[in-house]
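Subject: Structure for your review

Dear colleague,

I am handing over the structure below, together with notes on what was found in it. Please read the notes with the sequence and the model open beside them.

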Amino acid sequence: MAADIDKTTAPDRTDVLIVGAGPAGIFCALGLLGRGDTRHITIVEKGLPIERRSCPKVRTGVCVHCKPCRITTGFSGAGAFSDGKLSLSHEVGGDLPDLIGADLAQRTIDRVDRMYLDFGADSHVEGVGHPDEVAQIRRRAIKAGLKLVDCPIRHLGTEKAQELYARIERHLEDAGVELVFSTECDELLIEDGVCRGAVVRDASGSHEVRAQETVVATGRRGAAWLDAACTRHGIEHSAGPCDLGVRVEVRNEVMETVNDVLYEGKLVGRPNPFRNKVRTFCQNPGGFVSQENYDGGLAVVNGHSYKERKSDNTNVAVLATFNFREPFHEPIEYARMVGRMCNMLGAGHILVQRFGDILDGKRTWPRELRESNLVPTLPDAEAGDITAAIPYRAMIEIVNFIKAVDEVVPGFAAEETLLYAPELKFYSNRVKMTPELETSVAHLHCLGDSSGWTRGLMMASVMGLLCGEALAG
């Protein structure tokens with residue numbers, strides 16, 4: 001019999017326990033089902049079913065701080081409320097190809113892409129068919145000291161992604177997968193080096209869920225929790241990188257060529273003087289800057305792009321990557337502290353500042369935003385000074401990178417260009433595992449962005465599918 005989609009009490013026992021209903025967890029279940037596995041599968045998810053996920057800010061105009069945040073939690077994770085872009089190249093989406101091999105990663109991307117199409121993804125692929133124009137953009141990038149990574153993109157769109165994942169949710173329910181919502185994982189049950197399940201908190205309180213196999217797929221939101229669990233239980237892992245940055249917003253006219261030719265042009269550089277890797281990420285033509293809330297009240301900036309609803313602006317993240325070395329081993333907490341500083345200066349809001357004001361060493365005032373050609377798409381962002389919160393090293397590299405991008409996309413470094421902060425990516429804990437996706441603890445599997453191996457929808461889905469198929473045997 002199909003599971004009750006509003007069920008909020010987890011069973012005491014199951015065969016396969018999946019913690020987290022983001023893309024990695026979802027595709028792990030699909031991989032098990034696709035191989036004909038008849039064992040009982042339970043997915044526990046901190047948030048709500050997708051049909052009950054709606055951000056009140058659409059009605060109120062301001063963030064009401066839902067607990068948990070309905071944008072970042074619930075079935076399909078942050079993917080349901082993101083811009084919904086599927087990167088179709090193994091060169092994009094994290095370091096999973098280093099673990100499993102580039103050929104297998106690309107073959108699985110192609111398979112996962114077909115699965116998304118079967119569930120209703122748009123058949124159109126962005127970023128293909130313009131070789132001459134791409135070559136011109138690449139030449140400008142090379143001259144500016146940047147690398148252009150042109151990756152085909154299947155754009156689901158924020159609203160269409162929700163419809164697609166709703167179909168996947170119903171498919172899993174109809175196949176007998178037990179979906180348990182409003183349920184948080186407090187602890188892993190590890191006995192004598194073997195994972196026996198997890199301790200969860202649901203509508204009935206806190207209790208154990210015993211399982212033959214336990215899969216942790218808690219996404220970026222759960223990266224800090226997984227990091228702490230690895231330390232407590234001796235699960236082999238290492239501190240990975242963390243990304244600090246801003247979300248840049250310009251008018252569509254500035255990005256017109258890149259938007260039309262590539263849709264999302266990924267630029268990578270190592271600007272002076274520190275030579276850290278800085279990159280563009282998650283470009284949203286005609287998109288909207290958005291706010292996401294993490295546990296503890298941390299507000300971070302992101303971007304959405306809809307299939308039908310469009311703005312006059314394009315937004316894109318600019319992220320500086322930091323690889324910390326011994327004795328420091330808390331990159332997630334470091335990034336959180338930077339975020340809290342930004343929130344403090346913005347009185348709990350996202351900070352926004354004009355690029356010209358950063359170069360002039362002054363804060364931005366609300367009046368200056370109102371008089372600009374560029375109207376912010378995050379109206380409750382607080383005009384201020386992001387340089388008072390973002391560390392000097394990161395800020396200098398971001399500024400120099402933006403100037404380099406201006407040589408590729410004239411107008412990108414205009415005085416009126418808006419920078420929102422904080423843009424943070426939490427995938428710092430990298431769980432050590434084999435190419436077969438086995439951790440150092442028997443019957444425990446860690447997937448997706450919280451594992452430190454993937455970044456984004458497609459590669460998390462790939463990792464989930466491969467794990468599900470491996471578990472099915």
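Contact, as used here, means heavy atoms within 4.5 Å, while axes are lines fitted to C-alpha atoms, for helices over the stretch in contact, with angles that run from 0 to 180 degrees between N-to-C directions. Helices (H or I, at least four residues) and strands (E, at least two) are DSSP runs, numbered from the N terminus. With those terms in place, helix 8 (residues 252-261) lies across strand 11 (242-251), strand 12, strand 13 (278-284) and strand 16 (313-322), and runs at about 110° to strand 11.

Please keep in mind that this is a predicted model, in which local features need pLDDT of at least 70 and side-chain atom pairs count only at pLDDT 80 or more, whereas totals for chains, interfaces and linings use all residues. Residues are numbered from 1 along each chain as its sequence is written, and side-chain values use heavy atoms, with hydrogens and water left out.

The sheets come next. Two strands are taken to pair if DSSP finds at least two bridges between them. An open sheet of eight strands, with mixed pairing, has the order 4-12-13-16-11-19-17-18, and its edge strands, which each pair on one side only, are strand 4 (147-150) and strand 18 (382-383). Strand 4 is joined to strand 12 (residues 265-269) in the antiparallel sense over four bridges, and there Val149 has Lys266 as its bridge partner.

Strand 9 (residues 205-216) pairs with strand 1 (residues 13-19) in the parallel sense over six bridges, with Arg13 opposite Arg210. Strand 8 (residues 194-202) also pairs with strand 9, in the antiparallel sense over six bridges; Val200 has His207 as its bridge partner, and a hairpin of two residues joins strand 8 to strand 9.

In the loop between strand 9 and helix 7 (223-233) is Thr218, which counts as partly exposed because its relative accessibility is 21%, on a scale where buried means under 20% relative accessible area, exposed over 50% and partly exposed in between (1.4 Å probe, protein chains only). Leaving aside neighbours within four places in sequence, Thr218 is in contact with Val19, Trp225 and Ser450.

Helix 9 (residues 331-345) has 15 residues and reaches 22 Å from its first C-alpha to its last, close to the expected 21 Å, the expected span being 1.5 Å times one less than the number of residues. Its buried residues include Pro331, Ile332, Ala335, Arg336, Val338, Gly339, Cys342 and Asn343. These residues are on the same side of helix 9 because they cover an arc of only 160° around the axis, an arc being that of the directions from the helix axis to the C-beta atoms. Helix 12 (residues 392-408), with 17 residues, reaches 25 Å, close to the 24 Å expected, and among its buried residues are Met395, Glu397 and Phe401.

Finally, a nonpolar core is a set of buried Ala, Val, Leu, Ile, Met, Phe, Trp, Tyr and Cys residues joined through side-chain atoms within 4.5 Å. Of the 72 residues in the largest one, Phe75, Tyr165, Ile168, Leu172, Leu437 and Leu447 touch the most other members, and its largest share, ten residues, comes from helix 13 (residues 457-472). Apart from this core lies another, of 50 residues, among them Val134, Leu146, Val316 and Met395.

With best regards
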